[in-house]
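Work through the exercises below with the structure open. Each task is followed by its solution.

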Amino acid sequence: MSFKVRIVQAERTIEVPTGATILSSALDAGLSYPFGCQSGNCGACKSHLVKGEVTMEGYSEFALSDEEKARGLILACRAVPWEDSEVAWLEEDDLIVHPRRLLDCEVVGLDDATHDIKRVRLKIVSGGPFDFSAGQFASVTFEGCPPRDYSMANVPGDPILEFHVRTTGGATSAHVAEKLKVGDHVRVEGPFGPSYLRETHRGPIIAVAGGSGMAPIKSVIERALQQALPQHIYFYFGVRSERDLYLHDHFAKLAETHKNLHFIPAPRSAARMATRRWPRRRQRRWARRRSPSPTASPRPVPPRAWSRWR
Ligand SMILES: Cc1cc2nc3c(=O)[nH]c(=O)nc-3n(C[C@H](O)[C@H](O)[C@H](O)COP(=O)(O)OP(=O)(O)OC[C@H]3O[C@@H](n4cnc5c(N)ncnc54)[C@H](O)[C@@H]3O)c2cc1C
Ligand code: FES
């Protein structure tokens with residue numbers, strides 16, 4: 001048994017089998033429905049329930065607040081219809097939809113970015129060209145592994161795709177860490193995701209990342225610089241310790257040549273110090289020395305000065 005669900009923007013009605021979510025059925029039907037985590041955590045698939053009834057599977061309040069729910073908003077990745085329905089994803093004036101591609105790629109580069117992050121470089125063998133917006137992700141299938149989502153770290157148009165894969169101990173990242181080798185074939189499907197650089201935006205760009213979350217931010221920043229976007233870009237990169245810091249020289253060099261880029265490594269120890277109960281005068285002195293104001297032009301921290309940050 002299934003229900004009919006009309007997707008307003010796609011001007012299509014899809015069949016959603018009993019127990020299936022609207023998003024999974026829309027993607028199966030080949031629609032470019034906006035989505036991200038597919039697990040009710042990011043809010044990228046937030047939609048208006050125009051007509052009908054759905055049951056919502058578990059989701060995070062960050063993705064959909066009670067107030068939004070009361071206004072008739074749902075998360076398509078968590079919404080299971082139990083009657084014929086109609087939904088419309090949230091409109092964004094400048095939502096760019098790139099053609100979805102299925103690429104056969106070959107690993108042409110593999111190195112350790114940090115103790116637990118591998119940098120994987122892929123050459124497109126067939127299925128291209130691969131257009132995407134800086135910040136988007138793809139579904140990547142390594143041989144013998146389940147597909148997983150990874151963000152492109154390269155700028156759109158680069159002949160080589162770059163991914164940063166952090167080892168979590170799970171199936172795919174363990175394969176990348178231990179078994180992947182140059183010459184292996186990898187399937188890449190995408191691009192996906194509504195989180196990307198709006199190139200017409202002129203306000204400051206505040207980019208915050210930690211670990212392999214560097215990947216989409218690297219793409220966004222490099223694209224913004226490549227397009228000579230004039231606004232200030234503040235890149236805060238959170239790390240637990242020195243061994244988690246990577247591409248430091250790369251961003252320090254970029255910040256030297258682009259006066260609007262401010263690269264600010266943010267070690268956990270600095271955050272811990274900031275929350276210490278210190279006398280107010282000492283807090284102010286520490287903050288002046290350690291925390292550059294977002295309106296000033298903070299200098300990047302050279303690796304040799306790292307010990308002073310701890
Ligand atoms: C939009 C998006 C973009 C992403 N971009 C990136 C990126 O650029 N780089 C990146 O590194 N990651 C990224 N991720 C995360 C990535 O998709 C994977 O989730 C991640 O690599 C883990 O996959 P895995 O197969 O290695 O782990 P899985 O096998 O899926 O396991 C997930 C976690 O559960 C744990 N686990 C697995 N089995 C068990 C068990 N039996 N008992 C207890 N714990 C268990 C694992 O240790 C692991 O921590 C992104 C995710 C999304 C949604
Ligand atoms: S895709 Fe992330 S909440 Fe639905």
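A residue counts as near a molecule if its C-beta atom, placed from the backbone, lies within 6 Å of it. The model is predicted.

**Exercise 1.** Find how many residues surround ligand 1 and which are the closest.

Solution. Apply the cut-off to ligand 1: 19 residues surround it. The closest are Thr 168, Gly 169, Gly 170, Thr 172 and Ser 173. Next, sort the shell by element. β11 (148-151), β12 (160-166) and α3 (171-178) each give two or more residues. β11 supplies the largest share, four residues. Finally, sort by class. The shell has six nonpolar, ten polar and three charged residues.

**Exercise 2.** Describe the fold in numbers: how many helices and strands are there in the protein?

Solution. Count the elements: seven helices and 16 strands. Then take burial. Of the 310 residues, 33% count as buried. Last, take the contacts with a separation of 6 or more: 68% of them join residues 24 or more positions apart.

**Exercise 3.** Locate the largest nonpolar core and name the residues with the most contacts inside it.

**Exercise 4.** List what Phe 235 is in contact with, leaving aside its neighbours within four places in sequence.

Solution. The partners of Phe 235 are then Ala 207, Ile 217, Ile 221, Phe 251, Leu 261, His 262, Phe 263 and Ile 264.

Notes
Residues are numbered from 1 along each chain as its sequence is written. Chains are lettered from A and ligands numbered from 1 in the order in which they are written. This is a predicted model: local features need pLDDT of at least 70, side-chain atom pairs count only at pLDDT 80 or more; totals for chains, interfaces and linings use all residues. Ala, Val, Leu, Ile, Met, Phe, Trp, Tyr, Cys and Pro count as nonpolar, Asp, Glu, Lys and Arg as charged, and the others, Gly among them, as polar. A residue is buried if 20 or more other C-beta atoms lie within 10 Å of its own, exposed if 12 or fewer, and partly exposed in between; C-beta atoms are placed from the backbone. Two residues are in contact if their C-beta atoms, placed from the backbone, lie within 7 Å. A nonpolar core is a set of buried Ala, Val, Leu, Ile, Met, Phe, Trp, Tyr and Cys residues joined through C-beta atoms within 7 Å.
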